[in-house]
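Subject: Structure handover

Hello,

Here is the structure I promised to pass on. Please open it first, then read the notes below.

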Amino acid sequence: MNNTNAGKATSPGWQENEICCLDVSLNNRYQVGVYLESTVDWINRRFASCIISLGDTLHRHNLAPVHGADSAYRLTREMGDCWLREARTALSRFTIEHKVIRSDEWLKMPGFDPLHEELWGYYYTHSPFHRIVEDDVEKFTARHQHLDENAARKASRAYLMEETAADILLSQSCRTTHLYP
């Protein structure tokens with residue numbers, strides 16, 4: 001018997017997942033208007049349900065170096081409210097079960113705080129993970145040269161660790177395919 005996959009680890013493809021997670025970043029032009037409508041139509045044809053993970057107050061980390069923590073939080077919460085209003089028509093196109101989870105909701109979920117803390121511990125003790133995070137921090141810092149470099153690095157790390165903890169929580173509850181148009 002000639003099995004070319006013998007001894008190889010295989011995992012199901014994204015097409016085999018019934019649930020998708022549409023990760024939404026504020027100010028992403030591909031996540032509003034006709035782009036979002038097209039994405040919703042595509043999702044309807046491929047999945048049984050969709051979680052829309054609105055990274056609204058997650059974005060506060062990016063704005064805090066300029067606006068301060070409290071103002072950045074209020075501003076991103078308002079930006080999230082605005083996105084929800086503007087996306088209403090596109091979201092109404094869903095023919096499958098769907099729900100929006102905003103950043104604040106992830107932070108309040110049972111298990112988030114200990115997981116987030118554990119992730120920070122992993123960052124400080126596991127050099128491959130540390131390098132991966134720092135590679136993304138460098139890319140963020142290079143794109144935002146108008147910001148104080150140390151503040152930009154700190155903000156980027158906080159963003160990444162919070163986002164990763166939320167993604168892990170989701171993966172612990174169900175198998176999803178993440179979409180980020």
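How many bridges join strand 2 to strand 3? Six bridges do so, and the two strands run parallel. Strand 2 covers residues 49-55. Two strands count as paired if DSSP finds at least two bridges between them. Helices (H or I, at least four residues) and strands (E, at least two) are DSSP runs, numbered from the N terminus.

A word on the source. This is a predicted model: local features need pLDDT of at least 70, side-chain atom pairs count only at pLDDT 80 or more, and totals for chains, interfaces and linings use all residues. Residues are numbered from 1 along each chain as its sequence is written, and side-chain values use heavy atoms, with hydrogens and water left out.

Overall picture

The protein has seven helices and four strands. From the N terminus on, the elements run β-α-β-α-α-β-α-α-α-α-β. The C-alpha atoms fill a box of roughly 60 × 45 × 35 Å along the principal axes. Of the 181 residues, 41% count as buried. Buried means under 20% relative accessible area, exposed over 50%, and partly exposed in between (1.4 Å probe, protein chains only). Take contacts between residues at least 6 apart in sequence: 75% of them join residues at least 24 apart. Contact means heavy atoms within 4.5 Å.

Four strands form an open sheet in the order 3-2-1-4, with parallel pairing. Strand 3 (97-102) and strand 4 (176-179) are the edge strands, and each pairs on one side only. The twist averages 20 degrees from one strand to the next. Angles run from 0 to 180 degrees between N-to-C directions; axes are lines fitted to C-alpha atoms, for helices over the stretch in contact.

Helix 1 packs on this sheet and touches strand 1, strand 2 and strand 4. The direction of helix 1 makes about 170 degrees with that of strand 1. Helix 3 (residues 69-91) also packs on the sheet, touching strand 1, strand 2 and strand 3. The direction of helix 3 makes about 165 degrees with that of strand 3.

Strand 2 up close

Seven bridges join strand 1 to strand 2, again in parallel. L22 has I52 in strand 2 as its bridge partner. I51 stands opposite K99 in strand 3. Strand 2 is mostly covered: seven of its seven residues are buried. S49, I51, S53 and G55 point one way, while C50, I52 and L54 point the other way.

S103 lies in helix 4 (residues 103-108). S103 is buried, with a relative accessible area of 5%.

Out on the surface

N27 lies in the loop between strand 1 (19-25) and helix 1. N27 has a positive phi of about 70 degrees although it is not a glycine. N27 is exposed, with a relative accessible area of 68%.

V34 sits in helix 1 (residues 33-46). V34 is exposed as well, at 59% relative accessible area. Y30, V34 and Y35 form a nonpolar surface patch with about 290 Å² of accessible area together.

Best wishes

Terms used
Patch = residues over 30% accessible without salt bridge, like charges linked within 9 Å, V, L, I, M, F, W, Y side chains within 5 Å. Areas by Shrake-Rupley, 256 points an atom, 1.4 Å probe, with all protein chains shown as cover. Salt bridge = Lys/Arg side-chain N within 4 Å of Asp/Glu carboxyl O.
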